[in-house]
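Welcome, and thanks for taking a look at this protein. Here is a short briefing to read alongside the model.

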2 protein chains.
Amino acid sequence: MKQSMTFIPTLREVPADADIKSHQLLLRAGYMRQNASGIYSYLPLASIVLKKIEQIVREEMNRAGSAELLMPALQQSELWQESGRWYTYGPELMRMKDRHSREFALGATHEEVITSLVRDEVKSYKRLPLNLYQIQSKFRDEKRPRFGLLRGREFIMKDAYSFHASFESLDEVYEKMFQAYSNVFSRCGLNYRAVIADSGAMGGKDTHEFMVLSDVGEDTIAYSDTSSYAANVEMAPVITQYEKSSEEQKELVKTETPDQRTIDEVAQYLNVEKEKLIKSLVFKVDEKFVMVLARGDHEINDIKIKNLYGASVVELATPEETKQAAGVLPGFVGPVGADSKIDIIADHAVQSVVNGVCGAGEENYHYTGVNLDRDATVSQYADLRFIEEGDASPDGEGTIQFAKGIEVGHVFKLGTRYSEAMNATFLDENGRAQPMIMGCYGIGVSRTLAAIVEQYNDDKGIVWPAAVAPFQVHLITANAKQDAQSSLGEKLYAELLEAGFEVLYDDRIERAGVKFADSDLIGIPVRIVVGKQAEDGIVEVKERKTGEGMDVSLTDLHETISRLLQK
Amino acid sequence: MKQSMTFIPTLREVPADADIKSHQLLLRAGYMRQNASGIYSYLPLASIVLKKIEQIVREEMNRAGSAELLMPALQQSELWQESGRWYTYGPELMRMKDRHSREFALGATHEEVITSLVRDEVKSYKRLPLNLYQIQSKFRDEKRPRFGLLRGREFIMKDAYSFHASFESLDEVYEKMFQAYSNVFSRCGLNYRAVIADSGAMGGKDTHEFMVLSDVGEDTIAYSDTSSYAANVEMAPVITQYEKSSEEQKELVKTETPDQRTIDEVAQYLNVEKEKLIKSLVFKVDEKFVMVLARGDHEINDIKIKNLYGASVVELATPEETKQAAGVLPGFVGPVGADSKIDIIADHAVQSVVNGVCGAGEENYHYTGVNLDRDATVSQYADLRFIEEGDASPDGEGTIQFAKGIEVGHVFKLGTRYSEAMNATFLDENGRAQPMIMGCYGIGVSRTLAAIVEQYNDDKGIVWPAAVAPFQVHLITANAKQDAQSSLGEKLYAELLEAGFEVLYDDRIERAGVKFADSDLIGIPVRIVVGKQAEDGIVEVKERKTGEGMDVSLTDLHETISRLLQK
């Protein structure tokens with residue numbers, strides 16, 4: 001493509017409102033422009049990259065036995081009422097009315113539409129399993145759109161849905177999708193991890209997120225330093241075994257701790273290690289109050305409380321609620337002498353605390369010499385804390401480390417959540433109606449583009465991996481006003497296209513410095529500069545990744561390019 | 001693709017609400033399902049055909065120098081307010097509010113978005129011309145969605161926009177787009193005409209519609225039986241020269257014509273030919289009343305009135321308005337003795353009427369012996385009637401015939417309509433700010449799919465032209481339970497894929513009759529049936545188009561398929 005004929009509006013300055021690399025570089029290198037908060041136009045270069053990512057996704061999905069279709073963005077509210085999500089999805093679901101005042105949702109996801117489609121057509125186990133996908137713009141009215149393409153309101157997604165007659169069949173397809181996703185992200189050149197994830201509000205069981213490792217990621221991944229184990233930090237179980245010290249039990253003493261509320265304050269005031277403190281917090285578990293204990297140096301993971309109780313909602317109680325439930329404001333709550341009506345649970349680590357410290361249930365007082373088996377009633381010890389760096393990996397191999405990740409894919413066993421709500425049944429081999437068993441599988445296509453830029457850039461601009469680069473070769477005439485250069489440029493452009501290379505040809509009449517700076521920003525893997533040696537049949541070939549340049553004669557040109565592209 | 005793994009829900013019955021062939025067949029052959037009025041899901045077969053059409057469009061657009069981009073569906077109302085269309089577009093523009101109550105339009109078209117995008121980035125004539133396109137779902141809330149994909153509310157469109165520093169440059173690109181469109185529709189196998197079209201509400205000048213000839217088309221095309229001339233019937237000028245008969249002028253006589261209002265009634269009652277009658281109708285031209293005369297056998301074309309006056313709105317006056325303006329209800333209106341305040345214009349043909357008949361401006365009376373140059377004041381004779389079959393072609397070659405057409409494409413010189421309203425200017429060579437000159441170019445991608453089906457079907461189903469068929473070969477095992485057949489089927493499937501053919505493989509355990517009927521419906525060009533002669537290495541090859549079948553040995557199979565696909 002001739003650069004004079006396309007639209008690559010580069011910027012020299014870093015846009016003020018762009019705070020991460022991919023956002024800055026995609027704007028600066030002329031790949032996109034913002035239309036409204038969280039809404040972007042993909043300019044020609046981004047359009048090509050998106051098409052390449054989509055093509056990789058298509059190839060891997062097709063290979064895995066999924067068939068492409070295309071469902072509408074406009075979705076009748078009636079379907080969302082059937083699933084119940086019309087009421088629970090919240091303001092992220094964009095809604096509108098047509099000219100007849102019928103309500104529609106703008107597709108944020110397509111479980112309802114596909115379930116209704118398959119429900120209406122598939123009646124027998126003989127037609128299952130079925131695995132269907134689409135690539136499409138999705139709409140979610142994020143409260144705080146941010147980070148450019150990482151959290152937008154209109155974005156491109158590949159979503160797939162599978163339907164099964166048995167859980168074994170779901171497991172098989174889940175495995176295939178997992179593999180397909182691994183292939184997709186590997187082919188995109190990404191450094192990623194498949195992590196065990198929270199099933200969130202969807203109520204499924206097995207679920208993995210594909211996380212691109214990046215400091216700008218909004219999720220924390222706990223991974224093993226030696227095995228392939230990786231999980232969302234919220235989901236990783238703690239398998240540490242704690243040993244009780246042999247220290248002799250001391251007497252329980254109530255001590256004045258005026259205005260000392262936090263773990264740090266109390267530890268310092270009483271001059272004890274944080275490990276000796278018993279953190280006591282009140283949570284509201286659905287409608288019931290629960291006192292949760294953890295060691296002072298640990299953080300309580302409310303998802304684990306939720307799972308322990310099988311609850312729908314777990315929230316930290318407000319100060320007022322805490323006072324109501326535990327008789328004192330947060331900071332002085334403790335299990336010793338607590339109202340027997342409140343359930344007390346504790347993290348495993350707490351069981352090993354000898355002569356600990358906890359709130360006395362009375363303003364400005366703590367107990368020291370606390371030994372829970374003697375001084376309080378804990379109904380249950382369980383794994384209730386967040387895993388930490390240095391903990392043993394839950395798979396028993398290696399030690400946990402943390403990384404930040406950008407979620408680019410998600411595979412998910414839905415089960416019968418939608419088929420039961422929407423009455424999507426099939427007749428099994430015995431002629432009995434059964435709800436279809438479902439899986440769903442998403443890839444953020446536009447987010448993947450941004451994630452690649454996060455991992456592939458340097459201080460001059462983007463550095464595309466060859467598989468998803470908008471072009472393979474950036475051909476530049478240093479001085480397009482010079483006949484020798486411009487005629488060799490035109491000739492090479494035609495020849496390289498003819499040879500099957502994807503070429504962006506900078507034929508613009510601009511200063512060479514401008515062209516080179518633009519080229520660095522744009523990030524095409526191989527640059528060919530037609531300069532002063534044009535008349536001698538010599539051009540400069542430069543690899544974007546290494547910055548290494550070399551003079552190459554025209555006879556060696558194709559071979560040189562091919563070699564650099566395969567590196 | 002294996003048929004057992006995809007989703008092709010065929011129907012034996014013609015769906016009740018589908019009234020045209022493409023709508024019926026796309027539903028029956030399992031290509032699509034309706035989600036809501038005018039809103040469809042494209043199932044896997046349609047998804048493949050759409051991708052093929054899109055690929056043809058991309059290739060031709062790229063070849064013509066247009067660069068692809070992708071703009072959002074969510075468009076800020078502020079942009080539409082700038083162009084003024086927020087107020088004039090009407091209920092077809094779907095509107096919604098985000099969580100912060102900001103108003104958005106759902107992209108019905110993208111003139112506003114692209115004009116704002118280019119306005120913000122392009123400042124100099126050096127960066128022009130620019131030609132950008134996208135392929136995307138569009139939203140228009142049709143009052144009466146109908147005819148399946150021909151008039152839906154969410155549909156796929158290719159829209160392109162060009163920006164120029166001069167009208168000459170616009171003319172050049174318009175010509176290229178015209179050629180690209182011709183290539184696209186030819187490659188899709190369509191019988192179409194490029195017709196001169198009304199510029200509609202957009203205010204442009206040169207405009208052509210690409211019309212696929214079809215009886216279900218909603219537009220009438222007037223075309224020459226010998227030249228390439230074709231125009232929307234509303235736009236075709238009449239070039240007929242009328243000769244006045246040498247008949248002697250008779251006396252003007254007022255004649256009672258009780259309750260005789262229509263041309264037919266009056267002609268019969270007075271026993272005169274319709275050509276002798278002078279049809280007199282009152283129109284409201286913007287806010288002014290005009291009496292328009294035409295020969296009794298001709299129809300008045302209000303677009304020609306509009307163009308003559310350069311008016312915004314032309315409507316037939318209501319009976320009340322007619323009485324107010326012409327002193328009598330419709331049926332007895334006439335130019336003789338009319339109020340001098342009302343402007344009277346007449347079609348050229350009226351000038352040749354000698355001793356005609358017209359309303360007397362008085363209930364239940366007509367004049368006979370009317371000779372306008374003697375009896376009335378006509379301010380202007382002009383071309384005011386619709387062209388008719390049998391008229392001379394406006395290009396002077398051949399005779400006009402009519403056909404119905406489906407509009408699948410539209411190329412349009414917008415001029416400065418949007419750039420002026422939205423202040424999209426560039427600096428010309430003299431450093432002066434000028435509004436950019438624009439063109440826009442649309443192709444209805446999903447509509448094109450339906451138009452192909454309208455032209456390619458028979459009583460058994462769809463008959464795809466090879467270039468856009470979802471697959472090239474439909475491989476069918478007549479009895480998948482027979483080992484010889486199913487193993488040869490599997491083997492051929494692998495071999496044909498290996499050889500590069502696109503194959504749909506019906507591996508389902510179904511009766512042969514069901515498979516053949518489905519195959520006819522689906523319409524893949526070449527069918528291969530693995531049947532009883534499987535063990536002898538012989539299969540049946542059948543051409544969908546002709547229905548001709550032949551036994552082919554495996555050694556000749558690839559060659560036979562290639563030959564049939566090239567026919």
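Two strands count as paired if DSSP finds at least two bridges between them; helices (H or I, at least four residues) and strands (E, at least two) are themselves DSSP runs, numbered from the N terminus. This is a predicted model, in which local features need pLDDT of at least 70 and side-chain atom pairs count only at pLDDT 80 or more, while totals for chains, interfaces and linings use all residues. Residues are numbered from 1 along each chain as its sequence is written, chains are lettered from A and ligands numbered from 1 in the order in which they are written, and side-chain values use heavy atoms, with hydrogens and water left out.

**A strand covered on both faces**

- Strand β7 (residues 130–139) of chain A runs antiparallel to β8(A), and 10 bridges join the two.
- Within that pairing, A:F139 sits opposite A:E154 of β8(A).
- Strand β24 (residues 437–444) of chain A also pairs with β8(A), antiparallel and over eight bridges; here A:D159 has A:G442 of β24(A) as its bridge partner.
- Buried means under 20% relative accessible area, exposed over 50%, and partly exposed in between (1.4 Å probe, protein chains only).
- Because 11 of the 11 residues of β8 (residues 154–164) of chain A are buried, the strand is largely enclosed by the rest of the structure.
- In a regular strand the side chains alternate between the two faces of the sheet.
- In β8(A) both faces are covered, with A:E154, A:I156 and A:K158 among the buried residues on one side and A:F155, A:M157 and A:D159 among those on the other.

**An enclosed helix**

- Helix α1 (residues 21–28) of chain A has seven of its eight residues buried, so it is largely enclosed by the rest of the structure.
- The buried residues of α1(A) include A:H23 and A:R28.
- They pack against several elements of chain A, including β1 (32–36), α12 (445–455) and α14 (512–522), where contact means heavy atoms within 4.5 Å.
- Just after α1(A), A:G30 has a positive phi of about 75 degrees.

**A five-stranded open sheet**

- Five strands of chain A form an open sheet with mixed pairing, in the order β16-β14-β15-β17-β20.
- At its edges are β16 (314–316) and β20 (380–382) of chain A, each pairing on one side only.
- β15 (residues 288–295) and β17 (residues 343–347) of chain A run parallel and are joined by four bridges; A:V292 has A:I345 of β17(A) as its bridge partner.

**The whole chain**

- Chain A has 15 helices and 31 strands.
- Of its 567 residues, 56% count as buried.
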